[in-house]
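Hi,

Here is the model I promised to pass on.

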Amino acid sequence: MLESFPSIDPHKDLKVEVQNASMVVPLDVTERRSMFLSNIDQSVSNIYCGGILFFSSNPNFPPDLITKKLECGLKRLLAEHYDFLAGRLKWDSKQGRFEIDCNLAGAGFITASSKLSLEEVGDLQCPDPAFE
């Protein structure tokens, strides 16, 4: 059975403070290339798909250490398997369609903290308008 948490008011201040915002580039230089997008990709290519991760504070794992580990892992993933996520959409005028320019520009990476506990934030299994 899922544990239920009180739902947070979407207009409530989450008391979020941004510590750092940066672009994470692949650890190793990969070959610059263009990636063909299928017709399905073309129809949904302008949709932003972000992610947010929540962690409880733990004195054995300070936020700076966790941030460095996550950033290092993202750099490795961008270099080894997902270089296209560090690229940008570009228009191919010859084909008349979008493609991904795997140009190593980087992926956005933001670290932030909140004065609220996870219990105060509420149910993390469902999208919450307050997370915007």
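To start with a side chain: is Arg-32 buried or exposed? Arg-32 is exposed, with a relative accessible area of 55% (exposed means over 50%, buried under 20%, and partly exposed in between, using a 1.4 Å probe and protein chains only).

Before the rest, some housekeeping. This is a predicted model, where local features need pLDDT of at least 70 and side-chain atom pairs count only at pLDDT 80 or more, while totals for chains, interfaces and linings use all residues. Residues are numbered from 1 along each chain as its sequence is written, and side-chain values use heavy atoms, with hydrogens and water left out.

Now the sheet. Three strands make up an open sheet, ordered S2-S4-S3, with antiparallel pairing. Its edge strands are S2 (33-36) and S3 (88-92), each of which pairs on one side only. From one strand to the next, the twist averages 45° (axes are lines fitted to C-alpha atoms, for helices over the stretch in contact, and angles run from 0 to 180 degrees between N-to-C directions). S3 and S4 (residues 97-102) pair in the antiparallel sense over five bridges; two strands pair if DSSP finds at least two bridges between them. Leu-89, for instance, has Ile-100 in S4 as its bridge partner. Strands (E, at least two residues) and helices (H or I, at least four) are DSSP runs, numbered from the N terminus.

On to the charged pairs. The count comes to four salt bridges, taking a salt bridge as a side-chain nitrogen of Lys or Arg within 4 Å of a carboxyl oxygen of Asp or Glu.

- Arg-32 with Asp-101: the closest N and O atoms are 2.6 Å apart. Arg-32 sits in the loop between S1 (16-24) and S2, and Asp-101 in S4, so the pair ties together parts that are 69 residues apart in sequence. Asp-101 counts as buried, at 9% relative accessibility.
- Arg-33 with Asp-83: here the closest N and O atoms are 2.7 Å apart. This pair links distant parts of the chain, with Arg-33 in S2 and Asp-83 in the loop between helix H2 (63-80) and S3, 50 residues apart. Arg-33 is partly exposed at 32%, whereas Asp-83 is buried at 9%.
- Lys-90 with Glu-99: their side chains meet at 3.4 Å, N to O. Lys-90 is partly exposed at 31% relative accessibility and Glu-99 is buried at 13%.

Cheers
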